[in-house]
Amino acid sequence: MLTRAAVDAVAAVGGYAGGVYLRSRTDGLLLMAVLAGLPGLLFRPWWRMHVNRPYPVAEAYRSGQSVHLHDAEASMRRFPQLMAGLPFPFASLYEPVTAGTQRFGVLLVLREVTPGVPVSALDRERLREAADRLGQELAALAAEGVPVVWEGDPVLVDPLSGGDGAREAADRLAQALLSVDRHGRIRFLNAAAADLVGLGAGRLLGRVVWEALPWLGHPAFEDHFRAVFMSTEPVHFSARRGGDPAGDWLSVGLYPGHSGVTLMISSQESPAYAPGSVARPGAGLGSPADRASALYRPVALAIALTEAVTARQVSVVVTEELLPAFGGRQLAIYMLDERHLHLAWETGFPKGFLDGFDGVGLDVRLPGVECLTSGRPLFFESMEHLAAAYPGIPLDASVGARAFLPLIASGRPVGSCILGFDVPRGFSPEERTVLTALAGLIAQALERARRYDSEAALARGLQAALLPRRLPVREQVETVGRYLPGTQGMDVGGDWYDVVGTGAGLLALVIGDVQGHGVAAAATMGQLRSAVRAFALSGSTPQQVMSGTNQLLIDLDPGQFASCCYVLLDPASGSATAVRAGHPQPLLRHPGGRTEVLDLPGGVVLGIDPEATYPVAELRLARDAVLALFTDGLVEKPGADIDVGIERLRLALAAAPPAPLTETADLLIGGTGGADRPDDIALLLASRTNGPDAPEA
């Protein structure tokens with residue numbers, strides 16, 4: 001079922017790869033269940049995805065809304081960590097797999113970029129239909145008592161199949177020519193390629209190219225292969241025949257296509273510059289050319305560390321980003337507390353092995369202690385070297401290398417980080433420099449997490465309570481919400497939106513903006529949202545809701561104020577009543593496309609005048625009309641008149657396609673995701689999908 005869904009989705013939108021992430025038995029963890037059109041091992045770091053990570057798969061699952069990234073610029077703007085890890089030109093589409101209130105996973109497709117051209121409405125609809133079909137099938141399984149969860153590695157499948165080519169023409173070439181499918185399996189090779197390997201074609205067909213030519217599996221070349229499987233740009237590099245330091249130099253060209261990759265290998269003169277680890281296998285990565293191909297991991301680590309809040313999150317980021325970058329298998333992080341090092345995180349070590357090192361003092365002669373007290377990292381190419389430097393030190397069964405990194409932030413010792421490797425290896429000067437610099441970033445992140453852990457946890461908890469995880473689903477009304485935090489200062493603000501179904505069958509649409517940012521604004525915002533919901537659920541009129549919330553804010557926090565707009569809608573008839581408290585006027589797009597700025601009477605902002613009154617306005621929402629509520633961050637820019645921003649938004653809403661509403665929301669908010677956004681942005685759209693037409697205003 002999952003395989004068919006992935007393959008059909010790839011074909012439906014003209015993609016070349018795709019897959020399905022499914023929820024697992026571990027709360028908050030998605031696992032890749034199917035991977036179509038990509039070599040599994042090259043993309044192993046992305047097999048697991050926590051729903052709280054800043055990746056499009058996680059956002060699609062969390063929000064229940066589709067994510068469409070048509071080119072590298074759109075991907076970098078919204079998900080810089082994705083592009084730091086996969087810095088190639090590719091487009092990607094993510095559709096949540098749901099059925100009613102059940103969330104199962106995410107369907108994804110990779111395809112060629114369309115610079116500046118968003119994903120078409122037809123392709124969006126095709127992908128939605130594929131996800132809906134899969135959601136219904138999984139829901140049927142769940143109804144039969146089948147656990148709809150995934151455990152283990154993904155199933156690898158081919159979305160397309162390619163031809164063998166013209167053998168006679170290929171055999172005339174002096175260059176070695178191989179064709180591999182989307183999983184790296186050899187499907188065709190000419191006579192020169194068979195001679196290069198020294199085996200007949202019959203013994204090579206069907207084998208993975210990195211097994212048939214193991215020197216192509218060198219870590220320095222991994223990113224080249226990732227690039228051609230992710231995008232359509234060819235790649236060229238130099239390599240030693242057989243990986244032999246004395247072997248001939250070869251020129252390797254990789255030419256990607258939808259059904260696979262063509263390899264062209266030919267002899268070449270010794271290059272003017274040869275990467276150290278390629279010229280001298282076993283020397284490790286570290287030369288400028290090698291680092292260029294492996295740089296994405298350290299960059300991803302740096303970006304991810306800026307988003308890590310707790311010490312545990314920092315440790316998880318280091319495990320997921322740092323270890324794969326350097327081929328490590330073991331990690332331990334010790335934190336300094338009252339002149340003793342305490343184990344804060346470990347992975348890969350034998351169970352209980354590190355217990356004897358927990359709580360050691362700074363006067364003990366151990367590499368993890370001395371790297372911190374001296375401020376110098378220590379590198380050992382093998383366990384024999386480590387034992388020789390520290391006689392009698394307990395060792396595990398590993399024979400590999402070790403790196404001990406001091407964690408020092410702004411001159412203050414924070415702890416130690418230990419990296420372990422399965423096999424002996426050298427550390428080039430460049431590698432040592434990079435690891436030492438990354439240790440400084442880790443130390444800063446840990447120090448920041450330790451110092452501000454409690455406040456950050458509180459702030460994020462308040463922010464999570466701010467917005468509804470999922471808007472209520474009504475047959476006659478569709479609602480879509482969007483929220484973007486400000487990029488200056490703490491990413492917690494006072495904007496919010498909400499949709500509340502009342503007992504009388506009416507639907508309350510709410511949007512508000514609390515003054516300021518940070519924990520105080522988030523706390524006030526949470527209180528106001530709860531108050532508005534309570535008033536709405538109790539059957540209060542719009543005027544009573546606004547007056548009661550105003551008085552509550554004055555009682556709770558004198559001097560704090562907030563704006564708000566509250567619309568009570570009858571989904572059946574489209575009639576609505578609205579009140580405003582110092583909030584921007586809503587926009588209304590009529591079924592014919594005419595869009596206007598509503599002129600609703602209003603009162604002063606909440607929290608100023610205990611005697612304030614809030615007049616009620618009547619309006620009607622026709623079928624297929626769109627009501628847009630927004631905060632001033634969407635229309636206000638420093639140095640510009642807010643009316644200019646409102647007019648820009650009105651024109652954008654008028655020009656938006658009539659459906660679906662999620663595309664309209666993406667369009668309206670899409671131009672506001674830049675790096676310099678001083679204010680939060682909240683947007684709430686509502687549209688009647690059926691029922692009697694209301695008269696045109």
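Biologist: Among contacts in the protein between residues at least 6 apart in sequence, what percentage join residues at least 24 apart?

Modeller: This is a predicted model, and its fold comprises 21 helices and 28 strands. When contacts between residues at least 6 apart in sequence are considered, the share that joins residues at least 24 apart is 62%.

Biologist: Of the 697 residues of the protein, what percentage count as buried?

Modeller: The accessible surface comes to about 29,300 Å², with 54% of that area belonging to carbon and sulfur atoms. As for cover, a residue counts as buried when its relative accessible area is under 20%. Of the 697 residues, the part that counts as buried is 52%.

Biologist: How many of the residues of strand S22 (residues 562-569) are buried?

Modeller: In a regular strand the side chains alternate between the two faces of the sheet. In S22 one side carries Ala562, Cys564, Tyr566 and Leu568, while the other carries Ser563, Cys565, Val567 and Leu569, and both faces are covered. The strand is thus mostly covered, and the number of its residues that are buried is eight of eight.

Biologist: Which residue of S22 does Asp513 stand opposite?

Modeller: Strand S21 (residues 507-517) and S22 run antiparallel and are joined by eight bridges. Within S22, the residue that Asp513 stands opposite is Ser563.

Biologist: Which residue in the turn of the hairpin formed by S22 and S23 has a positive phi?

Modeller: S22 pairs with strand S23 (residues 575-581) in the antiparallel sense over six bridges, and Val567 stands opposite Ala578 in S23. The two strands form a hairpin with five residues between them, and the turn residue with a positive phi, about 85 degrees, is Gly574.

Biologist: How far apart in space are Thr541 and Val579, C-alpha to C-alpha?

Modeller: Thr541 is placed in the loop between helix H18 (519-537) and helix H19 (542-556), and at 38% relative accessibility it counts as partly exposed. Thr541 and Val579 are 38 residues apart in sequence, and their C-alpha separation in space is 9.9 Å.

Biologist: Is Asp680 buried or exposed?

Modeller: Asp680 is found in the loop between helix H21 (661-670) and strand S28 (681-688). A polar atom of the Asp680 side chain lies 3.2 Å from the backbone nitrogen of Gly494. Because its relative accessible area is 0%, Asp680 is buried.

Biologist: Which residues is Phe353 in contact with, leaving aside its neighbours within four places in sequence?

Modeller: Phe353 belongs to the loop between strand S14 (340-347) and strand S15 (360-361), where it is partly exposed, with a relative accessible area of 21%. The C-alpha atoms of Phe353 and Leu395 are separated by 8.6 Å, although the two residues are 42 residues apart along the chain. Leaving aside neighbours within four places in sequence, the residues that Phe353 contacts are Pro394, Leu395 and Asp396.

Biologist: Which residue with a positive phi follows helix H15?

Modeller: In H15 (residues 367-374) the buried residues are Pro367, Gly368, Val369, Cys371 and Leu372. The residue that follows H15, with a positive phi near 75 degrees, is Gly375.

Biologist: Which residues make the nonpolar surface patch of about 250 Å²?

Modeller: Ile608 sits in the loop between strand S25 (595-597) and strand S26 (617-620). Ile608 is exposed, because its relative accessible area of 52% meets the requirement of over 50%. The nonpolar surface patch of about 250 Å² is made by Phe561, Val604 and Ile608.

Notes: Residues are numbered from 1 along each chain as its sequence is written. This is a predicted model: local features need pLDDT of at least 70, side-chain atom pairs count only at pLDDT 80 or more; totals for chains, interfaces and linings use all residues. Side-chain values use heavy atoms; hydrogens and water are left out. Patches are made of residues with over 30% relative accessible area and no salt bridge: like charges are joined within 9 Å, nonpolar side chains (Val, Leu, Ile, Met, Phe, Trp, Tyr) within 5 Å. Accessible areas come from the Shrake-Rupley method with a 1.4 Å probe; for residues, only the protein chains shown count as cover. A salt bridge is a side-chain nitrogen of Lys or Arg within 4 Å of a carboxyl oxygen of Asp or Glu. Helices (H or I, at least four residues) and strands (E, at least two) are DSSP runs, numbered from the N terminus. Buried means under 20% relative accessible area, exposed over 50%, partly exposed in between (1.4 Å probe, protein chains only). Two strands pair if DSSP finds at least two bridges between them. A polar contact is a pair of N or O atoms within 3.5 Å; within protein, one must be able to donate a hydrogen and the other to accept it, and residues adjacent in sequence count only if both atoms are side-chain atoms. Contact means heavy atoms within 4.5 Å.
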